[in-house]
Amino acid sequence: MLVHSRKGKWTAWAVFFVLFLPLFALPLLVILAASFATSWPGVLPAGATTAHYAAATRGEALQALVTSLVTAVTASLLALIAGTWAALAGAALGRRRRAVLDALFMLPVAVPPVVVGLAVLVAFSQPPFLLNGTRWIVIVAHTVLVTAFAHQSVSAALERLDPACEQVAASLGARPAYVLWRVKLPLLLPSLGAAAGLCFALSMGELSATVMLYPPDWTPLTVLIYAATDRGALFAGSALAVVLMTTTLLVLLAVSRVRTKASYR
Amino acid sequence: MGIRFDSVTVAYDGNVVLDALDLRVEPGEVMALLGPSGSGKTTALRAVAGFVRPASGRVFLGDRDVTDLPPHRRGIGMVVQSYALFPHMRVQDNVAFGLKARRVAKAEIGPRVAEALEMTGMAGYARRYPRELSGGQQQRVAIARALAIRPDVLLLDEPLSALDARLRSGMLAELARLHRELPEVSILYVTHDQVEALTLADRIAVMDQARLKDCGTPQELYRTPRTEFTASFVGNANLLPVTVGDGGVSFAGGMLKVDTGGAAPGARATLCVRPHLVGLGSGPNQLTGTVAEIQWRGSTHRLYVDVDGHRIMADLRELKEPPVHGRPVTLHFAPEDATLLTAGVSGDG
């Protein structure tokens, strides 16, 4: 921090906590407190129980967590492949055509997820693309929603790559596919990791489009949380939310470790 | 294997960056492409490497027309200014990259990597990553990587410009040694540094504004440049505007005895005299003026003398009693030390 005096440092920390606590920490702390509570009669919760967690880590809830994980991992991988492919192809285009491609990939982020959900529902409810009623329609919707972030992240990383690396590799006799596999992708690995983490986190928390599409045998955890809070089971819903947050955080930490190892410079 | 540019023109969006280049690099020759930024020298190198496609003209490697070949099928080694070492690979993997890409037999890769690293003095660094090496060491690895594929043609694009002056001088000697060890490799060396070009090259192609201005051995270009641009870019030069007379030229109201080489009397020309060939005191072809500036450079003094509105440089062995600023001095030069330039004279119209 660029503040040297003791008084200045304390002031900076105070401002940080005044801004940070109400904005970010307080809502999360409320969810954490509620997940252990049996009632909330006043300012603070009352009673302490781990029963909500016992329920949140077995049966239907555990199944929903696995569903969320499988959906997020699959959608992130698909988004990473599609986004990276498009970014690599876009890098070979002219400035104007690349701008059009970027805009197309950003479009799903610019419209409400409900609209994307509806569009996916309409598009995949008729043969030959009949996915409605299957888990794949949820995965497709998540992929459409998060690909923009993968594409943006990899495009930005590609622009930072030294083109001389690719050119020298080619001059040494490496075919384009060999250059991609041995030089470009390894150099993009830190960005791919970051993009994967972002896509995963976004997919884990996605609800708006999911509620329009999910079949009964493919209920993600976010839907379960929404259903619990909707029927007034706030404490059970909070425990589910904490499980969702913790799982997401653990996966992101694991991804960031891979990313750190893959950072060469 | 030699390199031949056959009227090669490169243009970006209609903007010509290399204009009808005709140049031949003989097998085993070191050719320096020397010129300022934007002169087209790097574009010429990129045309050989296959990274730019000529709008017209052909590029040959030996007898093979490579104009339409992709870079990976040209069989050249290349070293660039930024070295472009692959940061995720150890030194040995960087050097082995070209061999693996070309599917050289596994048993052969190890010895060839060792040979290339030995040749560049980097054998002890094989297991290091590029980030663990200094700039000079990275440069050596880049050269080893290019040499490992045993190319017939080596392209060097400003390879020393990222190094400090002392390292650069050492690497110049290293490059000269490498070429002595690999006399069959043709080298195209792009630089804006005249010292590098003069030190390394068998011949120098001087480029400016997308065109080849001059081509010759370093000695030819230095001693008898054909144009003002060459004279000023290859070494320092005094360029004096003169008018051709009988048996000499007129300058600043006096006659100077030089070889006019059959130039028509009355024609305007430029007289090129190298600063180190100008002497202090009386002698042939005297010029009298006042000292505008004097610089001590350790083993030499450089004098800037104003003669009739023209500034003349003289590099003199360290003077025991250097002249004082503003004092009149007399300079001279031998007739055989001057070159009369009649081509590319400024103000020629």
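## Pairing of β1 and β4 in chain B

In this predicted model, strand β1 of chain B (residues 3-12) pairs with strand β4 of chain B (residues 56-61). The two run in the antiparallel sense and share five bridges. Within this pairing, Thr9(B) lies opposite Ser56(B) of β4(B).

The pair belongs to an open sheet of four strands in chain B, ordered β2-β1-β4-β5 and paired antiparallel. At the edges are β2 (15-25) and β5 (64-65) of chain B, each of which pairs on one side only.

## The five-strand sheet of chain B

Chain B also has an open sheet of five strands with antiparallel pairing, in the order β15-β19-β16-β17-β18. Its edges are formed by β15 (279-280) and β18 (310-317) of chain B; each has a single partner strand, so one side of each is without a neighbour in the sheet.

The partner of β15(B) is β19 of chain B (residues 328-332), to which two bridges join it in an antiparallel arrangement. Here Gly279(B) faces His332(B) of β19(B).

## Contact between chains A and B

How many residues of chain A are in contact with chain B? There are 18, and they meet 19 residues of chain B. On the chain A side, α7 (163-171) and α8 (176-204) each supply at least two residues. The most come from α7(A), which gives seven.

By type, the residues on this side of chain A are twelve nonpolar, three polar and three charged.

Notes
Residues numbered from 1 in each chain as written. Chains lettered and ligands numbered in written order. Predicted model: local features only at pLDDT ≥ 70, side-chain atom pairs only at ≥ 80, totals over all residues. Pairing = 2+ DSSP bridges. Contact = placed C-beta atoms within 7 Å. Nonpolar A, V, L, I, M, F, W, Y, C, P; charged D, E, K, R; others polar.
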